[in-house]
Amino acid sequence: MNASIRIRPARPEEHAETGALVRAAYAADFALGAEYLAEIEDVAGRATSSEVLVAVEADPETGERILATVTIPRPGERLQDDTEPGEMDLRLLGVAHAARGRGIGEAVVRHCLRVARDRGCHRVVLHTGEIMTGAQRLYERLGFTRIPEREFDIEVLGGTRRILAYGLALTGVPVPA
(Lines give C-alpha, C1' and ligand atoms only; values in the text may rest on other atoms or scores of the structure.)
Protein backbone atom coordinates (compact mmCIF):
# COMPACT_ATOMS: atom_id res chain seq x y z
CA MET A 1 0.00 0.00 0.00
CA ASN A 2 1.10 3.54 -0.72
CA ALA A 3 2.81 5.23 2.23
CA SER A 4 0.67 8.34 1.69
CA ILE A 5 -2.44 6.47 2.88
CA ARG A 6 -3.50 7.09 6.46
CA ILE A 7 -6.52 6.04 8.50
CA ARG A 8 -8.20 8.52 10.80
CA PRO A 9 -11.63 9.50 12.13
CA ALA A 10 -13.97 11.04 9.56
CA ARG A 11 -14.42 14.78 10.06
CA PRO A 12 -17.95 16.24 10.18
CA GLU A 13 -17.39 18.10 6.93
CA GLU A 14 -16.55 14.72 5.30
CA HIS A 15 -19.69 12.88 6.42
CA ALA A 16 -21.61 13.46 3.17
CA GLU A 17 -18.68 12.38 0.99
CA THR A 18 -18.00 9.35 3.18
CA GLY A 19 -21.67 8.37 3.10
CA ALA A 20 -21.79 8.65 -0.67
CA LEU A 21 -18.66 6.49 -0.93
CA VAL A 22 -20.00 3.64 1.20
CA ARG A 23 -23.43 3.81 -0.43
CA ALA A 24 -21.85 3.57 -3.89
CA ALA A 25 -19.63 0.69 -2.77
CA TYR A 26 -22.62 -1.32 -1.51
CA ALA A 27 -25.17 -0.32 -4.16
CA ALA A 28 -22.84 -1.34 -6.98
CA ASP A 29 -22.36 -4.82 -5.52
CA PHE A 30 -26.00 -5.77 -4.96
CA ALA A 31 -29.56 -4.47 -4.95
CA LEU A 32 -30.59 -2.91 -1.66
CA GLY A 33 -33.73 -1.15 -0.54
CA ALA A 34 -33.85 2.63 -0.30
CA GLU A 35 -34.21 2.51 3.51
CA TYR A 36 -31.01 0.47 3.99
CA LEU A 37 -29.12 2.58 1.45
CA ALA A 38 -30.13 5.69 3.42
CA GLU A 39 -28.87 4.03 6.64
CA ILE A 40 -25.57 3.17 4.97
CA GLU A 41 -25.19 6.75 3.79
CA ASP A 42 -26.03 8.31 7.19
CA VAL A 43 -22.47 8.80 8.42
CA ALA A 44 -23.44 11.82 10.53
CA GLY A 45 -26.01 9.72 12.39
CA ARG A 46 -23.58 6.83 12.89
CA ALA A 47 -20.87 9.16 14.13
CA THR A 48 -23.04 10.20 17.09
CA SER A 49 -22.83 6.71 18.61
CA SER A 50 -19.79 5.05 17.02
CA GLU A 51 -16.48 5.79 15.33
CA VAL A 52 -16.45 6.27 11.58
CA LEU A 53 -12.95 5.94 10.16
CA VAL A 54 -11.70 6.89 6.72
CA ALA A 55 -8.63 5.91 4.73
CA VAL A 56 -7.30 9.00 2.99
CA GLU A 57 -4.62 9.64 0.43
CA ALA A 58 -2.73 12.89 -0.08
CA ASP A 59 -4.10 14.73 -3.10
CA PRO A 60 -2.19 17.72 -4.52
CA GLU A 61 -5.43 19.51 -5.50
CA THR A 62 -7.73 18.87 -2.54
CA GLY A 63 -5.30 17.98 0.25
CA GLU A 64 -6.79 14.55 0.92
CA ARG A 65 -9.01 12.14 -0.95
CA ILE A 66 -11.20 9.60 0.89
CA LEU A 67 -10.64 6.08 -0.44
CA ALA A 68 -12.42 3.90 2.12
CA THR A 69 -14.43 3.89 5.31
CA VAL A 70 -15.41 1.58 8.16
CA THR A 71 -17.47 1.95 11.31
CA ILE A 72 -16.33 0.59 14.68
CA PRO A 73 -17.93 0.92 18.12
CA ARG A 74 -16.67 3.23 20.79
CA PRO A 75 -14.64 1.44 23.50
CA GLY A 76 -16.77 -0.91 25.56
CA GLU A 77 -19.72 -0.73 23.15
CA ARG A 78 -20.91 -2.86 20.23
CA LEU A 79 -22.56 -2.32 16.87
CA GLN A 80 -24.39 -5.65 16.48
CA ASP A 81 -26.62 -7.45 18.96
CA ASP A 82 -24.71 -10.72 18.59
CA THR A 83 -21.32 -9.23 19.48
CA GLU A 84 -20.15 -10.77 22.75
CA PRO A 85 -18.17 -9.20 25.60
CA GLY A 86 -14.48 -8.97 24.68
CA GLU A 87 -15.22 -8.76 20.95
CA MET A 88 -15.06 -5.70 18.73
CA ASP A 89 -17.30 -5.64 15.70
CA LEU A 90 -16.91 -3.64 12.55
CA ARG A 91 -19.49 -2.60 9.98
CA LEU A 92 -19.87 -0.95 6.64
CA LEU A 93 -16.39 -1.37 5.25
CA GLY A 94 -16.52 0.31 1.87
CA VAL A 95 -13.75 1.03 -0.62
CA ALA A 96 -14.19 3.45 -3.51
CA HIS A 97 -14.36 1.53 -6.77
CA ALA A 98 -11.44 3.53 -8.20
CA ALA A 99 -9.28 2.53 -5.18
CA ARG A 100 -10.02 -1.22 -5.21
CA GLY A 101 -7.16 -3.62 -5.76
CA ARG A 102 -4.63 -1.37 -4.02
CA GLY A 103 -4.72 -2.98 -0.57
CA ILE A 104 -6.81 -0.19 0.95
CA GLY A 105 -9.49 -2.52 2.37
CA GLU A 106 -6.82 -4.74 3.90
CA ALA A 107 -5.10 -1.74 5.47
CA VAL A 108 -8.40 -0.61 7.00
CA VAL A 109 -9.13 -4.07 8.43
CA ARG A 110 -5.59 -4.35 9.83
CA HIS A 111 -6.05 -0.95 11.45
CA CYS A 112 -9.25 -2.21 13.08
CA LEU A 113 -7.40 -5.30 14.36
CA ARG A 114 -4.82 -3.03 16.01
CA VAL A 115 -7.55 -0.90 17.57
CA ALA A 116 -9.25 -4.03 18.94
CA ARG A 117 -5.99 -5.34 20.36
CA ASP A 118 -5.21 -1.94 21.93
CA ARG A 119 -8.66 -2.03 23.57
CA GLY A 120 -7.95 -5.47 25.03
CA CYS A 121 -10.44 -7.32 22.84
CA HIS A 122 -9.87 -11.01 22.18
CA ARG A 123 -11.71 -11.20 18.84
CA VAL A 124 -12.90 -9.05 15.93
CA VAL A 125 -16.23 -10.01 14.36
CA LEU A 126 -18.23 -8.83 11.37
CA HIS A 127 -21.05 -9.67 8.99
CA THR A 128 -20.94 -9.62 5.20
CA GLY A 129 -23.33 -10.45 2.40
CA GLU A 130 -23.05 -13.85 0.76
CA ILE A 131 -22.46 -12.26 -2.62
CA MET A 132 -19.66 -10.00 -1.40
CA THR A 133 -17.04 -12.53 -2.43
CA GLY A 134 -14.22 -9.99 -2.65
CA ALA A 135 -14.76 -9.02 0.98
CA GLN A 136 -14.93 -12.69 1.98
CA ARG A 137 -11.59 -13.38 0.24
CA LEU A 138 -10.03 -10.44 2.10
CA TYR A 139 -11.31 -11.61 5.49
CA GLU A 140 -10.25 -15.21 4.91
CA ARG A 141 -6.80 -14.14 3.69
CA LEU A 142 -6.38 -12.23 6.97
CA GLY A 143 -7.33 -15.33 8.99
CA PHE A 144 -11.02 -14.70 9.71
CA THR A 145 -13.19 -17.81 9.89
CA ARG A 146 -16.93 -18.24 9.56
CA ILE A 147 -19.22 -18.21 12.60
CA PRO A 148 -22.23 -20.12 11.22
CA GLU A 149 -24.33 -19.80 14.38
CA ARG A 150 -24.39 -16.00 13.90
CA GLU A 151 -25.52 -16.08 10.28
CA PHE A 152 -29.00 -15.06 9.18
CA ASP A 153 -31.17 -14.16 6.19
CA ILE A 154 -32.46 -10.71 5.29
CA GLU A 155 -35.19 -9.59 2.91
CA VAL A 156 -33.84 -7.69 -0.09
CA LEU A 157 -35.29 -6.57 -3.38
CA GLY A 158 -36.29 -9.73 -5.17
CA GLY A 159 -35.97 -12.22 -2.31
CA THR A 160 -33.69 -13.06 0.59
CA ARG A 161 -29.96 -12.80 1.07
CA ARG A 162 -27.74 -14.74 3.46
CA ILE A 163 -25.60 -12.65 5.81
CA LEU A 164 -22.39 -14.43 6.77
CA ALA A 165 -20.56 -13.94 10.06
CA TYR A 166 -16.78 -13.96 10.44
CA GLY A 167 -14.44 -13.69 13.39
CA LEU A 168 -10.72 -13.49 14.04
CA ALA A 169 -9.27 -14.37 17.43
CA LEU A 170 -6.55 -11.90 18.33
CA THR A 171 -4.76 -14.06 20.90
CA GLY A 172 -1.38 -15.02 19.49
CA VAL A 173 -2.09 -13.47 16.07
CA PRO A 174 0.44 -10.89 14.95
CA VAL A 175 -1.15 -7.72 13.62
CA PRO A 176 1.40 -6.18 11.24
CA ALA A 177 1.53 -2.42 10.83
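Student: Which residue does Arg-11 form a salt bridge with?
Tutor: This is a predicted model. In it, Arg-11 pairs with Glu-64, and the closest N and O atoms are 3.5 Å apart. Arg-11 sits in the loop between β1 and α1, while Glu-64 belongs to strand β3, 53 residues apart.

Student: And Arg-8, what is its closest N and O distance to Glu-64?
Tutor: For that salt bridge the figure is 2.6 Å. Arg-8 lies in strand β1 (residues 5-9) and Glu-64 in strand β3 (residues 63-73), so the pair ties together parts that are 56 residues apart in sequence.

Student: Is Arg-8 buried or exposed?
Tutor: Arg-8 counts as buried because its relative accessibility is 7%. Glu-64 is partly exposed at 25%, and Arg-11 is partly exposed at 34%.

Student: Which residues are linked in that network of salt bridges?
Tutor: Arg-6, Arg-8, Arg-11, Glu-14 and Glu-64.

Student: How many salt bridges does the structure hold?
Tutor: It holds 18. One of them joins Arg-110 and Glu-106 at 2.9 Å, N to O. Both residues are in helix α4 (residues 104-118), four residues apart, about one turn of the helix.

Student: Switching topic. How many helices and strands are in the protein chain?
Tutor: Five helices and eight strands. The radius of gyration is 16 Å, close to the 16 Å from the globule rule for 177 residues, so the chain is as compact as a globular protein of that length.

Student: What share of the residues is buried?
Tutor: Buried residues are 46% of the 177.

Conventions. Residues numbered from 1 in each chain as written. Predicted model: local features only at pLDDT ≥ 70, side-chain atom pairs only at ≥ 80, totals over all residues. Heavy atoms only, no water. Helix = DSSP H or I, 4+ residues; strand = E, 2+ residues; numbered from the N terminus. Rg over C-alpha atoms; globule rule 2.2 N^0.38 Å. Buried < 20%, exposed > 50% of the residue type's maximum accessible area, 1.4 Å probe, protein only. Salt bridge = Lys/Arg side-chain N within 4 Å of Asp/Glu carboxyl O.
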